[in-house]
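I opened this notebook to record what I looked up in one protein model. The entries are kept in the order in which I worked.

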Amino acid sequence: MCGEGTVEEDGQCVPTSGSGTVTCGAGTQLDPTGTMCVPTSGSGTTPGSPTISMMTPGEAGATGNVLFEIDGTSLAGSDPTMVHVYFGDTTPGMNGALGPCEAEIGMPSDTAIIGTVPPMCDLNVTVTVQTNLGMATTPFKYDALFAVDGDDYDSTSGSFGGNLWVIDPFAGMVWAAGMPIDAAGKPYNYSGFAFGSDGTMYAVTTGDSPGDVAIDSKPRLMTIAFDPTNTTTGITATSVGDLTDGTASHLYTLTDIKMSGTTLYGWAYESTNNRTSWTQGLVKINTANGKLTKVGTFVADSYGVGALGIDSTGTVYVAANSASSTDATGMITATGVLDSANMTSGMLTSAATLDYGLSAPVNSMTTVSTFLVAAIDDGYYGYLTGEPTHGVTLAIFDTAGTLGSGQVVNPLYEMPAGEGLQSYVHGMDVPPTTLSIADRVRTAHWTALAPATRPTLR
């Protein structure tokens, strides 16, 4: 039944020429465009608005390109050729092309749509099924790993400041998001990186990067943000404060940071005698000023490297003894132990023995989906020992043996680097659902990472 100002045409109520406002009659409703009346679901044998009962998978890597299936009712509408599936922005394509966030799909049925996940237009999106009779929605998540650069140990290239990278760890693809710079245009090198629950990007600096030197040559807590007003790189770094416990004679270097609940933690190395000896331990970081508070008692250490990570169950891990005990040079006596950390006492308990082919440091850890992943610094190992190693490797720490490889450390990809340089990624984390980067990712250019292999000393 058509309402005032409309007339039936091919089973639908369309506006009468010059009638103005469209009014829908009984058994009909306005379609999503607000320009015509379509049958209400259940108002007869004619299909109504679609519904979604399930979508699989509910997440994918940042670059998409995996098959999905949506199950439900009335998914084909009354004209299957007019069905569209959008992952985020519902802007339609022009001249028969797909929209900027639209999926390529096969011919849908009333109960199922099968298609290919498009590259992400944002990290957490709403999937919209739009037919000629209505629309239905369901949430979807893209998995991405954010990483930042630390010190460059390639003596021929110098230290230029660190980039921010966005990595699809499932497809082995990377997007060079840009170099964070401060208001003075200075870049920084980072030794740790973490997301706050509100989407804030935190990082700690090495103390010797261009931005640090311009201030006071001390490691500091920073925030990093995509910034459209920054016309140079589009990413702004802001200093929060020096990493200090308030004691002028105590020098701290943080090698990784992670947020547990609402508290930012760091793995720290403290020196009280001009950096000739170190102690190591867990610290809390005040995100308002960078002030540190020790968690428990620090213990002696010889290396000044280590990573902090939290797995999918909330267990906090520390990898401060390198990725293996293997070292043909005899210079490094690391144990390769992966420890779990008590966040109240700071005490460490052995959780696994890492079995990488080198005693290379672990720069950072985080969890992607259900996998604990790590950045292993082959380049720093080569710098220390003279071994023919280079770069940073992304690997899975499979402490439960779920991959079936028989190995705890499973290399995936070589981490990204600037052109002509070896990788020196030193911090990484996975964003929370509160972070949106829709204004940046539309123009992202993704490139492939090189596959990694297990190293062997020669």
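The entries below go from the whole chain to single residues.

**Entry 1. Basis of the values.** I worked from a predicted model, in which local features need pLDDT of at least 70 and side-chain atom pairs count only at pLDDT 80 or more, while totals for chains, interfaces and linings use all residues. Residues are numbered from 1 along each chain as its sequence is written, and side-chain values use heavy atoms, with hydrogens and water left out.

**Entry 2. Overall composition.** I found three helices and 33 strands in the protein; helices (H or I, at least four residues) and strands (E, at least two) are DSSP runs, numbered from the N terminus. Of the 458 residues, 53% are buried. For this I took buried as under 20% relative accessible area, exposed as over 50%, and partly exposed as in between, with a 1.4 Å probe and protein chains only. The protein exposes about 19200 Å², and carbon and sulfur atoms supply 52% of that area; accessible areas come from the Shrake-Rupley method with a 1.4 Å probe, and for residues only the protein chains shown count as cover. I also looked up the contacts (heavy atoms within 4.5 Å). Among contacts between residues at least 6 apart in sequence, 55% join residues at least 24 apart.

**Entry 3. The disulfide.** How many disulfides does the structure hold? I found one, taking a disulfide as a pair of cysteine sulfur atoms within 2.5 Å. C101 and C121 form this link, with their sulfur atoms 2.1 Å apart. The pair links distant parts of the chain, 20 residues apart: C101 lies in the loop between β8 (84–87) and β9 (104–105), and C121 in the loop between β10 (112–116) and β11 (124–131). The angle about the S-S bond is -110°, and the link of C101 and C121 is left-handed. Are the two cysteines buried or exposed? C101 is buried because its relative accessible area is 0%, and C121 is buried at 6%.

**Entry 4. Aromatic rings.** A pair of aromatic rings is described by the distance of the centres and the angle of the planes. I applied these limits: rings of Phe, Tyr and Trp (its six-membered ring) pair if their centres lie within 6.5 Å, and planes under 30 degrees apart count as stacked, over 60 as edge-to-face and the rest as tilted. The structure holds eight aromatic pairs. In one of them, F87 and F140 have ring centres 5.1 Å apart and planes at 85°, so the pair is edge-to-face. This pair links distant parts of the chain, with F87 in strand β8 and F140 in strand β12 (residues 134–143), 53 residues apart. F87 is buried, with a relative accessible area of 0%, and F140 counts as buried at 3%. F140 also pairs with Y142: the ring centres are 5.2 Å apart and the planes at 75°, so this pair is edge-to-face. Both F140 and Y142 are buried. I noted that F68, F87, F140 and Y142 form one aromatic cluster.

**Entry 5. A charge over a ring.** The charged end of K294 sits over the ring of F298, 4.6 Å from its centre. The criterion is NZ of Lys or CZ of Arg within 6 Å of the ring centre and within 35 degrees of the ring normal.

**Entry 6. Strand pairing.** Two strands pair if DSSP finds at least two bridges between them. Strands β5 (residues 51–56) and β7 (residues 67–73) run antiparallel and are joined by five bridges, and T56 stands opposite E69 in β7. Strand β7 also pairs with β10 in the antiparallel sense over five bridges, where E69 stands opposite I114 in β10.

**Entry 7. T138 in β12.** T138 is found in strand β12 and counts as buried because its relative accessibility is 17%. Which residues does T138 contact, leaving aside its neighbours within four places in sequence? They are I52, M55, V125, T126 and V127.

**Entry 8. Helix α2.** Helix α2 (residues 378–385) is mostly covered, with six of its eight residues buried. These are D378, G379, Y380, Y381, G382 and T385. Their cover includes β29 (371–377) and β30 (392–397).

**Entry 9. A417.** I located A417 in the loop between β31 (409–414) and β32 (425–429). A417 is partly exposed, with a relative accessible area of 29%. The C-alpha atoms of A417 and N163 are separated by 8.5 Å, although these residues are 254 residues apart along the chain. Leaving aside its neighbours within four places in sequence, A417 is in contact with W165, Q422 and S423.
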